[in-house]
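The following paragraphs lead the reader through one protein chain. Please keep the sequence and the coordinates in view while reading.

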Amino acid sequence: MDAFLEGLSDDALLALPYLFEFWAFDHQLPPGGTWRSWVVMGGRGAGKTRAGAEWVRSQVEGPRPADPGRARRVALVGETHDQVREVMVFGDSGILAVSPPDRRPVWEAGRRRLVWPNGAVAQAVSAHEPDSLRGPQFDAAWADELAKWPKAEETWDMLQFALRLGDDPRQVVTTTPRNVPVLRSILANGSTVASQAPTEANRAYLAESFLAEVRARYGGTRLGRQELDGVLLDDREGALWSPSVLEKARQVEAPRPSRIVVAVDPPVTGHAGSDLCGIVVAGAVTEGPPQDWHAVVLEDASLRAATPQGWAEAALAAMERHGADRLVAEVNQGGDLVESVIRQIDPLAPFRAVRASRGKAARAEPVAALYEQGRVAHRPGLSALEDQMCRMTAQGYEGRGSPDRVDALVWALSDLMIDPAARWRHPQIRALR
């Protein structure tokens, strides 16, 4: 390496950082042959944005700064105008960051476009406004994070009608893969080529602590395969639990728990027409590092109680049946009343109040990851709970009413596994161990 660098002229050394073919990974370079769409699918941090920005450079730049390139009119399409500007244009791996000083384009904020010294222009387009693609025409396009566009199919269709200049108009799509119809359709097209890479492909430019943490938490899970491995999954879009995952949980050998909790998701009101009160009993073995911990769901004791005293008695009875160490209850709705009801029946019951600061789906995702890692077992008799679990998606609950049973499950496994693991990984706590 030293001999190679010493043999370069000063000008060559100055140019070397901008010769992407020299530095690029295989998945960041466009395939040869004839194609119209190149789809770059990768995990978080795999270098997708850099691949898109460098491809745009390769299309618009000529041999010298003022010389024309292959493309003169480029569409930069992102989820929003802000995303186009902050990621595709001004981002750490965006077009401005990767362009040589003598060929760097100028951002015209008022017109939302980039203008190169050779006259090439790239127009920013928001996927929220597909009709803005009626009228303009392009000979190249870069579509970023297409799988999360709000009006994906309509925007993509309008882009195809606009991509009509030149002898061979082309487009690159950089996206984390999600099972959405528009991405499936593009990949099935005979004029499409695809590249795929996991997050680790770009590990030289990522923090080792980031890689270790996300792999420990999401390795072997559906979310990990999508967000880290860059794999397009066949599961229903957004599903946090699938029947196959739950079937595996029924077959996992249930550990003998060292801790047991009863978690309660109380209804907002206490009468015969109220929602169910979610009551789930779970236990866990939490010896050694967090990746060795395993849990078992022991019982779903959820019920519809006519009064708060009814569900409180049911929860305390479940504690007694299983010899539970603690009662965990959400208090967002009932506040101090929840604990007060428990104390009226058993003043000495070990109790922990929990308060939701995130949405149901966001709270459920880390728990779903435990299942996909094969670290949660299910005892028989949990079919009603499992039905609710299969209706919980990344966008929210798709069943009727409230996912009371799932909420209680999430609180139970969070208390047993998620929260203690977070404390365990804290450097000061780890030092004490």
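**Helix H4 and its surroundings**

Helix H4 (residues 48-60) consists of 13 residues and reaches 19 Å from its first C-alpha to its last, close to the 18 Å expected at 1.5 Å a residue. That expected span is 1.5 Å times one less than the number of residues in the helix. Helices (H or I, at least four residues) and strands (E, at least two) are DSSP runs, numbered from the N terminus. The model is a predicted one, in which local features need pLDDT of at least 70 and side-chain atom pairs count only at pLDDT 80 or more, while totals for chains, interfaces and linings use all residues. Residues are numbered from 1 along each chain as its sequence is written, and side-chain values use heavy atoms, with hydrogens and water left out.

Because ten of its 13 residues are buried, H4 is largely enclosed by the rest of the structure. Buried denotes under 20% relative accessible area, exposed over 50%, and partly exposed in between (1.4 Å probe, protein chains only). Among the buried residues of H4 are Ala-51, Trp-55 and Val-60. The buried residues of this helix pack against helix H3 (20-23), S1, S2, helix H6 (95-98), S6 and strand S7 (170-175), where contact means heavy atoms within 4.5 Å.

Two of these neighbours, S2 and S6, also pair with each other: S2 and strand S6 (residues 140-144) run in the parallel sense over four bridges. Two strands are said to pair if DSSP finds at least two bridges between them. Leu-76 stands opposite Trp-142 in S6. Strand S2 (residues 73-78) is joined to strand S5 (residues 121-126), likewise parallel, by six bridges, and Arg-73 has Val-121 of S5 as its bridge partner. Five of the six residues of S2 are buried.

Strand S1 (residues 37-42) contains Trp-38, which is buried at a relative accessible area of 0%. Beyond residues up to four places away in sequence, Trp-38 touches a set of residues including Pro-30, Trp-55, Val-172 and Ser-195. The side chains of Trp-38 and Ser-195 make a polar contact at 2.9 Å; such a contact is a pair of N or O atoms within 3.5 Å, and within protein one must be able to donate a hydrogen and the other to accept it, with residues adjacent in sequence counting only if both atoms are side-chain atoms.

S9 pairs with strand S10 (residues 278-285) in the antiparallel sense over seven bridges, and with strand S12 (residues 326-330) in the parallel sense over four. Ile-260 has Gly-283 in S10 as its bridge partner, and Ala-263 has Val-328 in S12.

Side chains of opposite charge can pair when their charged atoms come close. The count comes to 27 salt bridges, each a side-chain nitrogen of Lys or Arg within 4 Å of a carboxyl oxygen of Asp or Glu. One of them joins Asp-407 and Lys-360 (2.6 Å, N to O). This pair links distant parts of the chain, with Asp-407 in helix H16 (residues 404-425) and Lys-360 in helix H14, 47 residues apart. Asp-407 is buried at 3% relative accessible area, whereas Lys-360 is partly exposed at 33%. Asp-407 is also touched by Arg-363, a residue of H14 (residues 360-372). Finally, Arg-259, Arg-326, Arg-352, Asp-415 and Asp-419 are linked in a network of salt bridges.
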